[in-house]
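Let's read a structure together, one feature at a time. Have the sequence and the 3D view ready.

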Amino acid sequence: MPRADFITGLVLILLGVAVVWASLDMPRFEERNANPYTAPGLVPGLLGAIILALGAILFVRAARAGGWRLAWPAARHGTGDPGVRRAALSIALCLLYAGGLVGTVPFWLATFLFITTFVILFEWPLATDRADRARRLAFAPLLAAVIAVGVTALFQYVFLVRLP
Amino acid sequence: MLGQALLGFMTVDALLAVTWATLLGIAVGALPGLTATLGVALMTTLTFKMAANDAILILICMYIGAIYGGSRSAILLNIPGTPANAATTLDGFPLARRGEAGRAMGIATTGSFLGSMIGILFLATIAPVLAEFALDFGAFEFFWLAVFGIMICGHLTALDDPIKGWISGFLGLLVAMVGQEGVHAYPRFAYGSTDLAGGIGLLPALVGAFGFSEVLIVMKERAAETVRSATDRVLPKLEDLTRYWRTIIRSGVIGTTMGILPGVGEDMGAWASYAAARRASREREKFGKGSVEGLMAAETGNNAAVPGAIIPVLTLAVPGSAPAAVLLAAMFIHGVRPGPLIMIEFPTFIFAVVAMCVLATFGILIFGLLLTRPLLYVLAVPRERLMPVIFVLCTIGSFAIASRVFDIWIMLAFGILGLVLREMRYPMAPLVLGLVLGPILDTSLRRGLVLSDGSPIPFLIRPISLVLWVTIAITVLLSFRRIRTTLAGLLPWRGSREEISKEAPKG
């Protein structure tokens with residue numbers, strides 16, 4: 001934690017400085033005879049200053065606990081941990097679907113491809129023998145088709161939402 | 001007025017809505033990866049086009065059902081279905097492993113029912129009074145209320161390291177600053193993007209933080225060990241209830257109070273009730289090993305927090321918990337304006353909400369006791385098949401509110417942010433509360449300064465403001481260990497969540 005806190009503290013200090021800077025840059029609308037206390041940059045500036053202060057406290061506390069020199073064991077074990085690998089694969093697939101496919105191909109197709117790929121990739125290592133694997137491979141597109149069609153129909157015709 | 005409100009809901013349509021919404025809520029709560037916040041958020045998009053009262057009824061049934069439903073997986077899988085049911089695992093799972101899963105579920109059901117009813121009693125009596133009191137709130141008071149919410153939520157959700165809670169809260173406030181501000185309509189932090197000028201939508205952020213990040217966390221964890229069968233009796237013995245009546249009432253009151261505190265929700269309701277029950281119990285050694293009293297306290301506490309969380313939503317437009325934040329957003333979407341003026345503009349609405357809570361509570365009692373065995377099948381769905389479906393719903397749910405693809409990006413960003421924050425032990429609740437309270441804090445501070453012409457005096461001496469900022473100061477002081485240890489030496493009070501979970505045996 002001290003190492004992570006050290007870096008986070010630094011990031012927060014930089015963020016605080018950036019926010020205060022941007023807030024000072026914001027117009028004060030003096031030409032409109034606006035009350036200076038209504039300036040748009042007032043509250044963001046204050047919040048930036050508070051985040052800077054909190055970041056500094058975190059940074060100093062972590063530095064005192066030796067955060068600047070501790071090695072980073074988590075990174076070495078990180079890629080080996082199956083949980084981290086599962087999370088990384090899930091993030092990748094979800095980003096590909098929601099950030100890439102949705103909006104570029106029809107929604108039902110994007111959903112079908114996503115669910116099929118997700119289920120196959122995660123169930124593949126769980127299969128016990130060839131018959132089980134074949135069953136799982138066959139089930140994935142079936143589930144995907146039902147969900148893709150079902151959700152699309154529900155949102156388009158029942159809730160009248162224009163799909164991306 | 002309450003009787004009239006209840007009668008108004010005694011139609012076939014309304015009762016049907018209560019039935020399916022509560023059942024769906026229980027299923028949502030029971031499934032790990034689906035939280036009450038996500039359930040209510042998704043239902044908000046689905047009930048968009050319905051009339052206000054029908055929509056809010058469905059949302060409340062989903063909310064109450066989900067907080068109760070999480071007890072299923074807590075007892076049978078040792079995984080809380082929602083964070084509010086974390087304390088339930090401590091005694092629920094050991095009971096299930098002993099072959100008393102049915103008894104545990106029956107206790108959880110009745111505890112949830114009674115806790116909810118106690119909370120509803122407070123909602124019906126306190127809310128109208130608080131709304132009257134809140135009419136005295138001016139800009140100065142709302143400013144301090146917003147700060148108070150962040151400070152107390154940050155402290156209570158990160159008891160071992162309040163600084164992280166406060167950082168989370170102030171980051172949330174900062175994110176709320178993105179977009180057009182309320183006085184000059186100047187687009188802050190937009191950098192030319194019309195999407196950013198529209199601000200960070202609350203619902204997509206909530207869906208990301210409580211939906212997408214939950215999906216990732218479930219995929220990260222190992223698959224669960226299950227107690228799949230519950231062959232013992234489900235209906236609780238009367239002596240279980242009469243023996244622990246003091247625990248039930250105490251947990252109900254504590255749970256409701258935790259719910260009323262801004263941002264501090266059902267999970268603190270459960271933990272605080274559990275800790276208090278353990279301290280006051282004559283069978284303290286049984287806690288953590290299958291104590292009926294412990295289970296009862298946890299489940300009564302978390303469900304009592306639900307009506308508790310709705311009290312500040314209705315009277316101050318400040319959410320008492322994350323799902324309550326979604327409820328607040330939903331009310332605005334449907335044209336109901338919660339806040340101090342609610343008794344003037346929508347006088348019957350509070351009682352309508354009380355009636356909705358009563359119906360939902362009876363729903364969880366009936367379905368909880370009758371449908372124990374069928375609901376077990378819900379838990380059998382493998383996560384590899386369920387999680388992608390949930391994510392599809394998260395995606396379309398975020399998009400459907402304002403038909404903006406940008407909202408999907410917000411959902412993705414907050415999902416990954418939620419995962420990172422959780423790994424680094426920063427609580428999510430203050431971030432979300434910050435998002436909600438940001439605009440209130442912003443306009444109140446500026447308005448207050450204009451009214452006082454820059455003077456801080458009104459901020460400090462007006463009576464309600466005084467109470468609020470002194471409480472904030474005490475909260476900050478108590479976060480310093482040196483001050484706490486000095487006080488602990490003077491007072492016999494002790495006990496907190498980390499102490500309980502450190503002492504309770506794992507699994």
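**Reading helices, contacts and loops**

A: Let's begin with a pair of helices: α3(B) and α4(B) are roughly antiparallel to each other. Keep in mind as we go that this is a predicted model.

Q: How do I read that from an angle, and at what angle do α3 and α4 of chain B pack?

A: The general idea is that an angle over 145 degrees between N-to-C directions counts as roughly antiparallel. Here, helix α3 (residues 36–46) and helix α4 (residues 52–77) of chain B pack at about 160°, and their axes are 9 Å apart. That angle is over the cut-off, so the pair is called roughly antiparallel.

Q: Is the crossing of α3(B) and α4(B) left-handed or right-handed?

A: In this model, α3(B) passes α4(B) in a right-handed crossing.

Q: Which residues of α3(B) meet which residues of α4(B)?

A: From α3(B) come Ala36(B), Gly39(B), Val40(B), Met43(B) and Thr44(B). They meet Ile58(B), Leu59(B), Met62(B), Tyr63(B), Ala66(B) and Ile67(B) in α4(B). Sorted by class, this contact has nine nonpolar residues, two polar ones and no charged ones.

Q: Now for the two chains. How many residues does the contact take from chain A and from chain B?

A: As a general idea, the size of an interface is often given as the accessible area lost when the parts come together. Here we have residue counts: 49 residues from chain A and 47 residues from chain B. On the side of chain A that touches chain B, the elements giving two or more residues are α1 (2–25), α2 (42–64), α4 (82–101), α5 (107–123) and α6 (130–158). By class, that side has 38 nonpolar, eight polar and three charged residues.

Q: How is chain A divided into domains?

A: Chain A has domain 1 (2–70) and domain 2 (83–158). The centres of these two domains, taken over C-alpha atoms, are separated by 42 Å.

Q: What about Ala185(B)?

A: Ala185(B) also is not a glycine and has a positive phi of about 60°. Look for Ala185(B) in the loop between β1 (179–180) and β2 (187–188) of chain B. With 9 other C-beta atoms within 10 Å, Ala185(B) is exposed.

How values were computed:
Residues are numbered from 1 along each chain as its sequence is written. Chains are lettered from A and ligands numbered from 1 in the order in which they are written. This is a predicted model: local features need pLDDT of at least 70, side-chain atom pairs count only at pLDDT 80 or more; totals for chains, interfaces and linings use all residues. Two residues are in contact if their C-beta atoms, placed from the backbone, lie within 7 Å. Helices (H or I, at least four residues) and strands (E, at least two) are DSSP runs, numbered from the N terminus. Ala, Val, Leu, Ile, Met, Phe, Trp, Tyr, Cys and Pro count as nonpolar, Asp, Glu, Lys and Arg as charged, and the others, Gly among them, as polar. A residue is buried if 20 or more other C-beta atoms lie within 10 Å of its own, exposed if 12 or fewer, and partly exposed in between; C-beta atoms are placed from the backbone. Domain bounds come from an automatic or database domain assignment. Axes are lines fitted to C-alpha atoms, for helices over the stretch in contact, and angles run from 0 to 180 degrees between N-to-C directions. Angles under 35 degrees count as roughly parallel, over 145 as roughly antiparallel, 65 to 115 as roughly perpendicular and the rest as oblique. A crossing is left-handed if the near helix is turned anticlockwise from the far one by less than a right angle, and right-handed if clockwise.
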